[in-house]
Amino acid sequence: MFELPKLPYGFADLEPNYDAATVELHYSKHHATYTANLNKAAEAAGLQGKSVEEILRNLSDAPAEQRTALTNHGGGYFNHNFFWESLSPKGKKLADSTLAGAKVGGATAADGLAAAIDSKWGSFEKFAEAFTAKALGHFGSGWVWLVVNAKGELEITDTHDQVSPITLGLKPLIVIDVWEHAYYLKYRNVRADWIKAWFNIANWEKAEERFLQG
Ligand code: MN
């Protein structure tokens, strides 16, 4: 049985960037519903006992008539687990890259995530501009991720609805939810303000921990 994981903070702890009412609704209604529906789909597919990562990685092995439900609810479950862990009250920043200012271009994982971001985008600020543009430009419901791609390189990518990067063979590091349910109560139609707020509570220490896990 999949269970709704405990939030790593209280509903109000991400204020004022992420309001308590949205966090509570997003977690206790949206995330809880994905959890319940994943349990039904996993049972129907005979996949009880598998981890959600195993299910998402091997969707093509699941019975064809359950694949859509497993994509939607397995992705909804995994993506939200990952999203809550991507946030932290007040946010957690990366230490400055020891390679900052140098012409890097070939930082390795051992240099840390800040160095890898500098190496790819030139600076964290330029990365943030590119991430913001992707999140603003995503049409409809979905997610914007920083991932390590199959070539081992950092990449900003978006997924639609509840498609998970796990299914696409990507290793996610951090994510923003750009479904309207993620921000509409407080930020209404102004997704740009939600993205700005997300940067204030993003947990880059967790992203780096994932990055260094290899
Ligand atoms: Mn959501």
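The structure is a predicted model, in which local features need pLDDT of at least 70, side-chain atom pairs count only at pLDDT 80 or more, and totals for chains, interfaces and linings use all residues. Residues are numbered from 1 along each chain as its sequence is written, and side-chain values use heavy atoms, with hydrogens and water left out.

Helices (H or I, at least four residues) and strands (E, at least two) are DSSP runs, numbered from the N terminus. His26 and His80 are both buried. Buried means under 20% relative accessible area, exposed means over 50%, and partly exposed lies in between (1.4 Å probe, protein chains only).

## Packing of the helices

Two packed helices are described by the angle between their axes and the distance between the axes. Axes are lines fitted to C-alpha atoms, for helices over the stretch in contact, and angles run from 0 to 180 degrees between N-to-C directions.

| Helix pair | Angle between axes | Distance between axes |
|---|---|---|
| α4 (residues 113-121) and α8 (residues 204-212) | roughly 90 degrees | within 9 Å |
| α5 (residues 124-137) and α7 (residues 191-201) | about 145 degrees | 10 Å |
| α4 and α5 | about 70 degrees | 8 Å |

The axes of α4 and α8 cross at roughly 90 degrees, which makes α4 roughly perpendicular to α8. Angles under 35 degrees count as roughly parallel, over 145 as roughly antiparallel, 65 to 115 as roughly perpendicular and the rest as oblique. Leu113, Ala114, Ala116 and Ile117 of α4 make the contact with Trp204, Ala207, Glu208 and Phe211 of α8. Contact means heavy atoms within 4.5 Å. By class, this contact of α4 with α8 has seven nonpolar, no polar and one charged residues. Ala, Val, Leu, Ile, Met, Phe, Trp, Tyr, Cys and Pro count as nonpolar, Asp, Glu, Lys and Arg as charged, and the others, Gly among them, as polar.

With an angle of about 70 degrees between them, α4 and α5 are likewise roughly perpendicular to each other. Here Ile117, Asp118 and Trp121 in α4 meet Phe124, Lys126, Phe127 and Ala130 in α5. The contact of α4 with α5 has five nonpolar, no polar and two charged residues.

Helices α5 and α7 pack with their axes 10 Å apart. On the α5 side, the contact is made by Phe124, Phe127, Ala128, Phe131, Thr132, Ala135 and Leu136, and on the α7 side by Arg191, Ala192, Ile195, Trp198 and Phe199. Ten of these residues are nonpolar, one is polar and one is charged. The buried residues of α7 are Arg191, Trp194, Ile195, Ala197, Trp198, Phe199 and Ile201. They pack against α3, α5, β3 (171-177), α6 (184-187) and α8.

## Individual residues

Gly76 lies in helix α3 and is buried, at 0% relative accessibility. Apart from neighbours within four places in sequence, Gly76 is in contact with His31, Tyr34, Thr71 and Gln162. Gly76 and Leu38 are 38 residues apart in sequence, and 8.4 Å separates them in space, C-alpha to C-alpha.

Glu153 sits in the loop between β1 (142-148) and β2 (154-160). With a relative accessible area of 36%, Glu153 is partly exposed. Leaving aside neighbours within four places in sequence, its contacts are Lys120, Val147 and Val148.

Most residues other than glycine have a negative phi, and most peptide bonds are trans. Lys90, in the loop between α3 and α4, has a positive phi near 70 degrees. Lys90 is exposed, at 78% relative accessibility. Arg188, in the loop between α6 and α7, also has a positive phi, near 50 degrees. The peptide bond from Glu15 to Pro16 is cis, with omega near 0 degrees, and Pro16 belongs to the segment before α1.
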